[in-house]
Amino acid sequence: MSESAALPRPLAYGCLGLSMALVGSYVALSKPLAAIFPVLLLAWLRFGIGGVAMLHWLKKPSEEAPLTPRTRRLLFLESFLGNFLFTLCMITGVKLTSAVAAGVILAAIPAAVALLSWLFLRERVAPRVWAGVACAVAGIALVSLSKNELPALDQAALAGQSAVKLAWLGNLLLIGAVLCESSYAVIGKALTGQLSPRRISALINLWGFVLSTPFGVWLAWRFDFGAVGAGTWVLLVAYALAACMWTVWLWMTGLKSVPAAQAGVFTVLLPISAAAVGVLVLGERLSTLQVLAYGVALAGVLLATLPSRVAWRVGRGPRT
């Protein structure tokens with residue numbers, strides 16, 4: 001099957017789920033990198049390594065139509081909002097507010113994707129998909145609220161009230177991150193009708209490299225690369241390939257065959273996979289309430305994606 005052909009729904013769901021699971025996994029495992037490299041330098045290195053790996057994906061296929069001005073704008077916005085601005089809003093927002101607030105706000109991503117797809121793509125969002133979105137949002141929000149972080153916040157407030165005063169800014173930045181990530185899904189759906197997943201992945205990575213280069217060069221000039229160990233470089237390469245290449249290609253491949261609103265529900269697999277890595281690799285523990293909350297979130301994915309009985313009975317295939 002060629003890359004331009006639409007995948008069967010179950011296979012497309014698998015691509016979307018695997019993409020978000022990989023994102024959650026590399027986010028959990030990239031903490032050592034964030035502790036060594038400044039954020040914008042790490043982003044620049046990531047885009048650079050990804051760009052080298054995807055050089056052969058940049059070539060325009062013979063059957064592809066020339067890029068229109070609209071497509072060029074969408075590619076820029078896909079990278080600017082989904083890669084560059086999302087990273088800045090997300091990391092800065094989490095630093096200025098609590099992880100509890102961050103989790104609750106970011107849980108709104110599936111609902112925001114569904115709303116934007118309805119507004120801009122004119123997708124019809126079935127009631128069952130809305131119900132799945134509601135379960136996904138409720139599950140992840142419940143996970144965030146179940147974390148016992150309020151005492152830590154009280155200590156931070158005693159240490160310095162300036163951080164508390166900036167919590168509103170952190171929350172605002174996280175709302176921006178939600179809008180950026182939702183726009184990434186919606187714009188990606190528009191792009192999959194014009195370009196192959198490989199070309200989209202390579203072109204938005206190229207834009208990401210261009211946007212981060214001024215900051216990356218300035219930070220690299222002052223950074224001591226000699227102090228970075230071989231293991232860290234291996235982790236950086238794996239992180240770059242996963243973040244820039246594999247997850248984006250999987251997401252765009254699945255998005256080609258699935259409505260954006262339905263695909264947005266799969267974003268709940270990001271925190272679930274991050275939690276799984278924390279438990280299996282980092283030795284963290286989950287409470288009974290958190291396990292229940294993740295179960296509710298996964299039920300939302302099933303509710304939004306399983307075919308209806310009526311559709312199978314009349315032989316029309318799955319209806320979403």
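Start by selecting Ser 19, which sits in helix H1 (residues 9–29). Helices here are DSSP runs of H or I with at least four residues, strands are runs of E with at least two, and both are numbered from the N terminus. This is a predicted model, in which local features need pLDDT of at least 70 and side-chain atom pairs count only at pLDDT 80 or more, while totals for chains, interfaces and linings use all residues. Residues are numbered from 1 along each chain as its sequence is written, and side-chain values use heavy atoms, with hydrogens and water left out.

Ser 19 is buried, at a relative accessible area of 1%. Buried means under 20% relative accessible area, exposed means over 50%, and partly exposed lies in between (1.4 Å probe, protein chains only). Leaving aside neighbours within four places in sequence, Ser 19 is in contact with Thr 247, Leu 250 and Trp 251; contact means heavy atoms within 4.5 Å.

Next, select Trp 251 together with Phe 37, Leu 41 and Phe 266. Of the 78 residues in the largest nonpolar core, these four touch the most other members. A nonpolar core is a set of buried Ala, Val, Leu, Ile, Met, Phe, Trp, Tyr and Cys residues joined through side-chain atoms within 4.5 Å. Stay on Leu 41: beyond its neighbours within four places in sequence, Leu 41 is in contact with Gly 216, Leu 219, Ala 220, Phe 223 and Phe 225. Another core, of 8 residues, lies apart from the largest one, and includes Ala 43, Phe 47, Met 54 and Ala 202.

Now show helix H3 (residues 39–53) and helix H12 (residues 230–255). Their axes are 8 Å apart and the helices pack at an angle of about 75°. Axes are lines fitted to C-alpha atoms, for helices over the stretch in contact, and angles run from 0 to 180 degrees between N-to-C directions. H3 is therefore roughly perpendicular to H12, a term for angles of 65 to 115 degrees. On the H3 side, the residues making the contact include Leu 42, Arg 46 and Phe 47; on the H12 side, they include Leu 236, Tyr 239 and Met 245.

Move to helix H4 (residues 69–96) and select Phe 80 and Phe 84, which are 4 residues apart and so separated by about one helical turn. Their rings form a stacked aromatic pair, 6.1 Å centre to centre with 25° between the planes. Rings of Phe, Tyr and Trp (its six-membered ring) pair if their centres lie within 6.5 Å, and planes under 30 degrees apart count as stacked. Phe 80 is partly exposed at 26% relative accessibility, whereas Phe 84 is buried at 12%.

Glu 78 is buried, with a relative accessible area of 0%. Its contacts, neighbours within four places in sequence aside, include Asn 83, Ser 183, Tyr 184 and Met 252. Cys 180 is 102 residues from Glu 78 in sequence, with 8.9 Å between their C-alpha atoms.

The last stop is Ala 111, in helix H6 (residues 109–120). Ala 111 is partly exposed, at 28% relative accessible area. Not counting residues up to four places away in sequence, Ala 111 touches Trp 130, Val 133 and Val 137.

Finally, show the whole protein: there are 16 helices and 0 strands.

Note on methods. Parallel < 35°, antiparallel > 145°, perpendicular 65-115°, else oblique. Phe/Tyr/Trp six-rings, centres within 6.5 Å; stacked < 30°, edge-to-face > 60°.
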